[in-house]
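Please look over the sequence and the structure shown below. The paragraphs that follow lead through them part by part.

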Amino acid sequence: MVLLALLAACSEEPPPENHHLSDLFRPQVQLNTGFLPGGAEQIQLFVHPLTPGVCHPIPTLTATLDGKAMTRLHGLVPGENGYDRDCSVFEFTLDPKDIVAGPTNTLVITDGVSTITMEVANLFAPRTATASATDVKPGDTVTLAWSPATDVLADKGDFGVLLEAGGKRASVKRQDLVVAPGSVAFPVPEGVSGDVTASVFGTAAMQPPVTRCEGLAACKVSREYDVAPFSLRLP
């Protein structure tokens with residue numbers, strides 16, 4: 001009898017009240033893109049309130065990226081930093097075949113009542129760095145033509161150039177770089193000579209910019225990518 005009473009009490013509990021985007025306190029968007037093993041692109045979207053921990057079910061929430069419908073995920077994500085995708089953090093993914101590589105990528109999120117919009121410049125463009133000169137000596141300045149030129153360097157985070165030759169390494173860190181739209185210039189360091197392979201490290205600090213963030217407290221992008229190494233010749 002006690003068990004039946006408990007079951008009856010539970011059945012009388014009202015379901016969680018459905019909410020809208022307007023109920024979220026300063027909602028934020030985090031758009032993550034990168035590569036999965038095997039080369040497929042991964043696109044992941046999170047919508048969440050600035051103060052987590054409060055349950056705001058929004059069953060009508062949908063998202064599109066460049067007009068392509070994203071798939072909403074459901075259920076609990078386990079772990080120390082786990083979250084409920086039906087309660088306070090709303091997660092979407094996009095099929096890689098639906099990627100549109102254009103100068104502007106537009107994300108639209110709606111609950112049928114309110115709409116929020118985010119635009120990013122050159123989100124899916126390949127990242128390249130091309131050296132202006134290849135025969136150099138220590139102290140020379142090498143300018144890398146960075147593409148796309150719209151990328152911006154974050155205020156914090158490791159970013160630099162690593163040079164390797166004959167088992168020796170030398171690096172140039174961000175405080176010694178001159179970063180401008182479409183270019184990254186660095187002084188050639190001592191410590192390596194001959195045929196040198198140079199590569200850019202800390203690319204997470206160089207990201208496509210958010211050009212529109214409408215109806216949100218914050219719009220953030222995290223783009224994972226590799227930049228092909230380039231060659232230098234030092235005496």
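Numbering the bonded cysteines of the protein in sequence order, what is the pairing? The pairing is 1-2, 3-4. The model in view is a predicted one, in which local features need pLDDT of at least 70 and side-chain atom pairs count only at pLDDT 80 or more, while totals for chains, interfaces and linings use all residues. Residues are numbered from 1 along each chain as its sequence is written, and side-chain values use heavy atoms, with hydrogens and water left out.

A disulfide is here a pair of cysteine sulfur atoms within 2.5 Å, and by this rule the count comes to two disulfides. In one of them, Cys55 is joined to Cys87, with the sulfur atoms 2.1 Å apart. Cys55 lies in the loop between β2 (41-48) and β3 (62-65), and Cys87 lies in the loop between β7 (83-84) and β8 (90-94), so this pair ties together parts that are 32 residues apart in sequence. Strands, like helices, are DSSP runs numbered from the N terminus: a helix (H or I) has at least four residues and a strand (E) at least two. Cys55 is partly exposed at 34% relative accessibility, whereas Cys87 is buried at 11%.

The other disulfide links Cys213 and Cys219, whose sulfur atoms are 2.0 Å apart. The torsion about the S-S bond of this pair is about 85°, so the disulfide is right-handed. Cys213 counts as partly exposed, at 34% relative accessibility, and Cys219 is buried, with a relative accessible area of 15%.

The next topic is strand pairing. Strands of a sheet pair through backbone hydrogen bonds, either parallel or antiparallel. For this model, two strands pair if DSSP finds at least two bridges between them. Strand β9 (residues 104-110) pairs with β3 in the antiparallel sense over four bridges, and Leu107 in β9 is the bridge partner of Leu65. Strand β9 is also joined to strand β10 (residues 115-121) by seven bridges, and these two strands run antiparallel. Within β10, Ala121 stands opposite Thr104. The hairpin of β9 and β10 has four residues between the strands, and Gly112 there takes a positive phi near 95°.

Which residues of β9 form the covered face, and which the uncovered one? The covered face consists of Asn105, Leu107 and Ile109, and the uncovered face of Thr104, Thr106, Val108 and Thr110. In a regular strand the side chains alternate between the two faces of the sheet.

Elsewhere, four strands form an open sheet in the order β11-β12-β17-β16, with antiparallel pairing. β11 and β16 (178-180) stand at the edges, each with a single partner strand, so one side of each is left without a neighbour in the sheet. The twist averages 20° from one strand to the next; axes are lines fitted to C-alpha atoms, for helices over the stretch in contact, and angles run from 0 to 180 degrees between N-to-C directions. Inside this order, five bridges join β12 to strand β17 (residues 183-187), the two running antiparallel. Thr143 stands opposite Ala185 in β17.

Some features of the backbone remain. Most residues other than glycine have a negative phi, and most peptide bonds are trans. Arg26, which is not a glycine, has a positive phi of about 50°. Arg26 is placed in the loop between α1 (2-11) and β1 (28-35) and is partly exposed, with a relative accessible area of 45%. Asn122 is not a glycine either, and its phi is positive at about 55°. The place of Asn122 is in the loop between β10 and β11 (128-131), where Asn122 counts as buried at 16% relative accessibility. A cis peptide bond joins Ser147 and Pro148, with omega about 0°. Pro148 is found in the loop between β12 (141-147) and β13 (152-153).

A further loop residue is Thr203, located between β18 (194-201) and β19 (206-207). Is Thr203 buried or exposed? At 14% relative accessibility, Thr203 counts as buried. Leaving aside neighbours within four places in sequence, Thr203 is in contact (heavy atoms within 4.5 Å) with Phe159, Tyr225 and Val227.

Technical notes
Buried means under 20% relative accessible area, exposed over 50%, partly exposed in between (1.4 Å probe, protein chains only).
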